[in-house]
Structures are given as structure tokens and as C-alpha cells.
Amino acid sequence: MKSSGYFLLCLLFLRTQTTSADSKVENYFAMSPAELALMPISIASGTPKSVSESASVTSVITAEQIKSMGATELHEVLETIPGMHAGIQVLSGDYQYSVRGIQNATNSELLILLDGTRITTPFLGSLLTGIELSLEGIQRIEVIRGPGSALYGADAFAGVINIITKKAEDMPGVTTGVRLGNWDTQSGWGQYGGEHGAWKVASSFQYQHTQGDDQRILQQDRQSVIDAQFGTQASLAPGALNTRYESIQGRLSLQRKHWDIGLWGFNGINGSTRAGAGGALDPSGRANVQQFVGDVRYSTEDLFQNWQLWAHMSHLHADFDALFQVFPNNAILPIAPDGNIRFNNWSALAKFPDGVRNFLGRQVDVPTLELGLVYQGLAEHLLRVNTSYRYEQVTARFATNIGMGAIQAGSLLPRPQINVINGQLVDLTNTPNVSLPDSNRSVWSLAAQDEWQIAPNWQLTTGLRYDFYSDFGHTLNPRVALVWNINEQLTSKWLYGRAFRAPSFTELYSTNNPLRLGNANLSPETINTVEWAIDYRPVSTLRLAANLYFYKLEDFIDLMPDKGRATLSFQNSNSQEGYGSEFEWNWQFNEQWNVLGNYAWQTAHSSIAGRRPAGVPEHHVYFAAIWKFLPQWQLQSQLNWIAGRGREQNDVRPLNDYQTFDFIVRGKKLFGQVNVAASLRNAFNTQYVELANIQIPENIPMPGRSFYFEASINF
Amino acid sequence: MKIIQILIFWLSLCAGIYPTDLWAEIEIENVEYKIKAGYLFNFTKFITWPSDNSPSFNICIQGSDPFGELLNPIEQMTALGRPIRLLRGSKISADEHCHIIFRHTATNSALTKGSLLVNDIPPEESSKMSAEANRMIGFINRQGKIKLQINTNNLQQAGLKVSAKLLEVAELVGDNEHE
């Protein structure tokens, strides 16, 4: 709540200095020729370029498109990117993304940046558990599909998502808005953009709350299976998933010549445990999450002719606390000699009248310093060199009523007698039995890239990046991109890149956990990808793009049974090969109608018995039609079709194809100032599921039909 | 059920496929053309125009219009003390004097006194030598930024004079290239 108060205060203060909105409607008219000449048209891969010319396969979704598609959360936007699918992370229940069939049990294999600063944390290598990014403050989302480690380093593996927030020129004046929907969904936001002396100031905040769909019913959960085994009735199934959340998000941006300063904060309040941390329904579990990112950039072209120098300093701080039940009240569970719950090699039975309870806390700190040079003095070449240092640290807090340190397994009565263990938590923080010991590592990097204009229509980009990790050692990642502008309408690209994903601290160091154990000897995952892409713009109103790709992923990190033990641990287990194609279209075929969409096809096989990766679609179609039926009104209708998802061997849970339809009506600049919208998402209430942890008897039911109404006003 | 859903979806799409005169704007969220729109307005200020009798300052978009509605707010501005008017397609009559003529696709045409010809330069024409004979100002993509190519000779022939503010961000082509 503190952050919302701050932004409200900021808004009220700045409002008094706002000039009329009309003069800022098109800020570009107020810019000088010199300012216009410095404005990048798109930032997709290091050097600003148009999407068709960028040295990678790139998608850009603008704020206008986000509004048009009716999206209110990040996963709804990313689902429309070719080759990308938002499923469910089997351990946390958060949304998790697969790109071209690549995903991991704990990790989306993606790097996520906010205005170019890394916001994924080293705990899981993905966004912090419980973060649901809201979208009002976002100007555009750039997605690179394919490897990006030669530019961005670790985790730019299957792709890179760069979320660009709104700057002063993107939201001139003051804007406030509200949104109300079913499931007690509410959202309110405020934005300010303006100039104060030499500084351009942008600030925004957004509050968002929902109780979630109470019809996402699990007929059976993991406890149902245990009940059947031990003759108990502890399970809360059938019951609804716990999907409520409440969040406040804020952003402050200050820009002037040479300087760019940003502060972003997210506060998730009493977030939910979805299907339960252990696969058993947990309606009372709660998680609180806070994340802050502050960054300062300085760049200058004034010091030396042909040289641009830049520095970027950032600090990410995150705090996560969760108190939840792994298993419900009155569960009877088998206890192994080490004190953990295990279903093989167990030696005692225990009843938990207050359930199996866990408190998990962790604090993440990641300071980063980057320094770079761009040299433009060599004819037809643009040279970039940069170096960086990053320190990653996670400190954990852990309290539980089960496991090593919490109970003395040796003192339990042997089976078949039933011991009783109450719900009192034992604090294991700073003991050898904490779930994750305090962990840290240092990361150094050095990267160089050359963009060579071989001929007027040919550009060759070559890059190489060296990373040194204090835990697993070093890695070298090259990339080559050849872009040929065949003519004004047609561009062709040939791309090769190698990338790596650093093992997360969970994968390296987890201890005292009945579900997963860390492995300090892990190597990074690596991937080699070749791509051919073509971009065709026969007329200014039509764009067609297609690509073909092949990749080989090695040292895939997966949970595997430990030899001679009853535990699972993370291991570099296997490799995966995949290939596929993506096709995109966007056609403004008259002044009223715009149709756009994409089709992605992929197939991938693991080296283990040729298995297909589970839960990722073989076919994915997104189709949208925008009809501007009045000058200021439009209707967008869209279809999302998912087909051909694979399953693990022995997984018989249905994972059927599905399609959802959405309809969004918007009115813009009514009376010059007011915007309104109404959205009907999953309009036909399609009942569909995403892949769940194999220990849950059913896959995860996804949200049914939802609607909202929204209004905003710009002063 | 699936067929019914798809049918309803397509009916919702087809409901609007009929002509209407109510349409007035095209929304294109395009930074590139916002920058070019900004340049067009700067041309009104940083080019010296010969006198004429037109009651308004006219910007004519010939051929396809990549700006859409984002150029429309320029009509709230003034140039040479007159309101700016946007003229597109059929609204451009022979009687109207176009101070600025924008063409998305360049075509070789005769120079007109007091008219500035502006066009997009496609990537394959980005080398200086390929500049067309009668080109005046071209928008060119240089490493993701929109710069200008200016042929000052052609501007002079049309009676136009360019301010140093524009020349600072321009590549000069034609006989003045090496000045």
C-alpha cells in the first residue's frame, strides 16, 4: 500500500504543473529535427531496427494492440506471439511459457527484461513466484524467439521478452482508469507524463484484484490418491482452485539528455496457491511478494567523435513469503527415516490434525553494472563492445512441521501405529535443514558485436559473448545473422546462435525437500539454433512473415530419480531436438478491417526414447479481426486454438485440443478524452485444461468465461 | 458445439462487411510515421517558402497514406500564420497549391515552384548515388533512426531554402553532396 500512496502523491503533485492535454496529443510535433533524428523506431536486438530488418525473429506488441486484444495480464499477450504458449508451472502454479516446444519443469527458458533490465531472479531462473504483471503502464512488448545469449547472456535461451514501459511522451498529461469484471475483478490506474525543466517525467501505478474463477474445480487432488491408499478422508476435493490475487504495481521514469533513471515496484498481497504447493487443494494458503528494480543509465556521444559510451547500473530486490499447507488437516502420511514424507521406503505413519504446513521465505538481491562502447567510425561497420558484472544472492527462511530438523523420525512409533504431529512450525532458517541454503554467485561477461553493411542491401551481424559464473565456470556463445533486403517488399534472414541457461539456485542447492533436491554439479543447458526467415510486404497494408528453424538442446536439466535412493534430484539428463515453422500475417484490407494472426507448428523429441515434450502444442493458431464500425469504435474478435499437446509416458490424463474466442469492443477518445471498453473472454465458456504435476490425478482446469467493463479519461 | 462456436465467431466478423461512410480515421500505432509526421511539421518551420495566395498551408498525401490518423492533429497547428490543411487522394484538386507533397512510393516528377516533394526511401535505394534526379527530401532509415536525405539544388530550383536546423540531421545528395 505504501507504493500506491507514493504514486498517488506524485500524481497529485505533478498534476498541478500539467499543461493542456491538447498540445501534447501528438508530442512528436513538438520535437526538433535533432530530437527526431535520435528517436529509435524499434528496439529489437541491441541496435534499433525495424522488425523486418532486425537480426533475429522478432515480434512487437504495442500498447494499442494490447488494448485492442483486451488483455489485462502478461500471459494473455504472450499467448498471441507465434510459437509461444502460456501453460502452468507445475510447481508454483504460475503461468509458464513454452517457446517452440521448449520449456522446463521449473523454468520457461526465457529471459524477461523490463526496459532492458533483467527481472527474472536466480531462484527459479524465471519471474518470482506470484508475480502477475499488469499491463496499463506498458508501451510495448518485444519478443525475440530463438537464442539471444550472444547479446544478453544467460537465460536468453528459447527467447527474450523485453517489456518497455510508457515514457512521458507515451502518456502526456494525466490519465486515470477503472476496470470492473466478474469474479470480483477490480482494477484502477493512474498515469502522468510531462516535462519539468530538462527532465521528462513519467509515473504510473496500477491496482489489480480478483477472486479468480470459482468454477475451476478439481474433482480429485493428490490427497485424494493418498486418502485411497491410507483409508482417510482428508482431501478437500472436489473443490475449486485458489486463484485470488491482489497487486499494486508502480513505475517512475526520469529522462533527460544522457540520463535515463527508472524505478519499478510490484507488491503482491495475499496471493494464492492455485492447485496447492504439494498438489493438494489449499484454500487458505497465502503468499506475499514484493519486487523492486531501480536502474540508472548514462550514455553520451559528445565526448569523442564516432564513439558512444554508456553505463547501466541496476539493482533488483525481491522478497517472498508464503504460509501454506502442503497437505490438508487430518492427512495421514508415510514418513521415511530422514523425517520427510515419502511413498516408498517409509518407516512410520503420522497423522497431521493441522495439516502439513510450510513457511517459505526468500530474499533476492541482484546488483548489476554494465559498461559499453559503440564505435561508428569505421565505414559500413557498427562495433559494439560491452562488459558487465552481476552478483546474485538468495537468502532463504524456512519453517515447517515435517522433514529433517522438524521431527525426529527415529522417535516415531513404527508402522502400522499412527503418530500425531501437530501444526507447530519449527524454524529451520540458518540450519543445515533449511530448504535452500543462502546462495550467491558472481557473473562476469565480455561481449562484442559487429554490424557490417556488406552492400547496400546486405547486412552481416556477428557477435560473441563470454560469461564466467563463479559456480559452474565459463561459457562462450556466438551468433551470426545475415540479412538481405532483396527489394523494398522482401527481406530474407539467415540466423545462427548458441545460447545457455544457467542452472537456478533451486536446481543447484535445494535440500530437505520431499519433491526435489538440488545438484551442485549441474552444467548449464545449451542450445544451438539455425533459422531462416522471410518478411514480405507487397503493399504497405499487408505484411507476411514466415520462418523455419531447427535446434538442438543439450544438457537439459530435469528431475530424475536418484540411483539407489528414494529421492528425485535435478540432473543434466538428456538432449532435445526440434524443428518447426511460424507464419504471420497482418492485413489492413480496407479502412474498416484489419485481420492479423499467426500459425505455429513445431515438433520436438527428447533423446530419452524419442519422447515429445509434455504440455506444449504441436499446432497453435491465433487469429484476430478488427472491425472499425464507427470512427471511434472498434470490435476485435479473436480465436486461440491449441492442438497436439504431448504427455509423459504413463500419463493418461486427458489433454485435449481446445479453442477459445474473445470479443472486445472499444471506444476511443470519446468527447476527446474518454476511452471505454468491454471484453468477453473465452466467450463460449470452453472447458480446457493445462498440464499439471504428474502427482495430481487431473490436469489443471483453466478459467471459464469472463467479462469486464473499463473506462479511462485523459486530462 | 465446436461448429456452432466457429459459426457464431464468423458471423460476428461478417456482420460488418458492408460499406459505410462513417469511417473517418485509420489508427496506426507506428513510431516510424510519428517521427516522419514530426519532420513534416518541422519542414513548415525550417524551410523558407516563397509567397503564395493560398489561405491555408496545404500538406498533400499522394498515393497510399501510411500515416493514417496520426498525422491528423497537424491540422490543429499553423504554418506561415495560416491553418494547416491535410489533403489526401481525391481531395487534392488541381486548383489547390500543395506546399508539401508526400509520396510513400517515390515517382519521378517535375519540380513545382513553391512545392516541397517528400518521399520514403526504400532500403535498396539507401546509397547516396541512387538518389533520384528530382528528389528533394527523402526519409531514410539509418540504423533504426529516421534521417533525411536532402537535395538542396532541387530545393533551390523550386524556390525553397533549407534552414541549418534541418541540414544538421541530413545527408546531402546531388551536386552539394561534398559541401
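Phe43(B) has a relative accessibility of 0% and therefore counts as buried, a term for residues under 20% relative accessible area (1.4 Å probe, protein chains only). The model is predicted: local features need pLDDT of at least 70, side-chain atom pairs count only at pLDDT 80 or more, and totals for chains, interfaces and linings use all residues. Residues are numbered from 1 along each chain as its sequence is written, chains are lettered from A in the order in which they are written, and side-chain values use heavy atoms, without hydrogens and water.

Rings of Phe, Tyr and Trp (its six-membered ring) pair if their centres lie within 6.5 Å, and planes under 30 degrees apart count as stacked. Over all chains, 27 aromatic pairs are counted. The pair of Phe43(B) and Phe139(B) is stacked, because the ring centres are 6.2 Å apart and the planes stand at 15 degrees. Phe139(B) is also buried, at 2% relative accessible area.

Strands are DSSP runs (E, at least two residues), numbered from the N terminus, and two of them pair if DSSP finds at least two bridges between them. In chain A, an open sheet of 5 strands with mixed pairing has the order S1-S6-S7-S4-S5. S1(A) and S6(A) run antiparallel, joined by 6 bridges.

Note on methods: Rings of Phe, Tyr and Trp (its six-membered ring) pair if their centres lie within 6.5 Å; planes under 30 degrees apart count as stacked, over 60 as edge-to-face and the rest as tilted. Buried means under 20% relative accessible area, exposed over 50%, partly exposed in between (1.4 Å probe, protein chains only). Helices (H or I, at least four residues) and strands (E, at least two) are DSSP runs, numbered from the N terminus.
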